Amino acid sequence: MSLQVNYIRPVSRTDRLVAIMVMPVPTAEGMSELTAVVELLRYPAVLFGVARPEGTVDARCQYTSWDRVDNALSLLERRNVSVTYVRHLLHLAAHFAQRHGLRREGTVTLTLFEHEGITSIRYEVPVGVSRDAALEWTSEFWGELAYVDLLQPNFLLSFVAEASA
């Protein structure tokens, strides 16, 4: 399976068309896509590289446990945020980070929000830049997603400064 996205980088290169081919990590035989996505969320080193410093926990959940993430993703499906979308978004984010030389520093944090029947997930990838730079990279990434109509409010991936993760 592959996803090809052609887009204009609205923040830094509005005058240049950039084509990107993103090849998702294949799912293991017999593994559902939901299980594969939970594994990618739980073990982000597969896509974003090993965290520094060495020995850092790969990912953690905030306000939930990993056992509940698959149910939360199933609830997002009702809001038109499919596991296929989440899987592609993770790959696009990893490619974005690689393109811009953003190196992962620290533990990735998944935060689950549930209120009055609404479920949303925030996935924060700590990178080795300042807080302001991380906000700028997140804005640029979201701008690229919005340009091709891929930005969904119920699953948000952000780049954060390591100290704020």
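How many aromatic pairs does the structure hold?

Guide: This is a predicted model, in which local features need pLDDT of at least 70 and side-chain atom pairs count only at pLDDT 80 or more, while totals for chains, interfaces and linings use all residues. Residues are numbered from 1 along each chain as its sequence is written, and side-chain values use heavy atoms, with hydrogens and water left out.

The structure holds 5 aromatic pairs; rings of Phe, Tyr and Trp (its six-membered ring) pair if their centres lie within 6.5 Å, and planes under 30 degrees apart count as stacked, over 60 as edge-to-face and the rest as tilted. The ring centres of F96 and W137 are 6.0 Å apart with planes at 75 degrees, so this pair is edge-to-face. It links distant parts of the chain, since F96 belongs to helix α4 (residues 83–99) and W137 to helix α5 (residues 131–147), 41 residues apart. Helices (H or I, at least four residues) and strands (E, at least two) are DSSP runs, numbered from the N terminus.

F96 is buried, with a relative accessible area of 0%; buried means under 20% relative accessible area, exposed over 50% and partly exposed in between (1.4 Å probe, protein chains only). With F159, F96 forms a stacked pair, because the ring centres are 5.7 Å apart and the planes stand at 20 degrees. F159 lies in strand β6 (residues 155–161) and F96 in helix α4, so the pair ties together parts that are 63 residues apart in sequence. Both F96 and F159 are buried.
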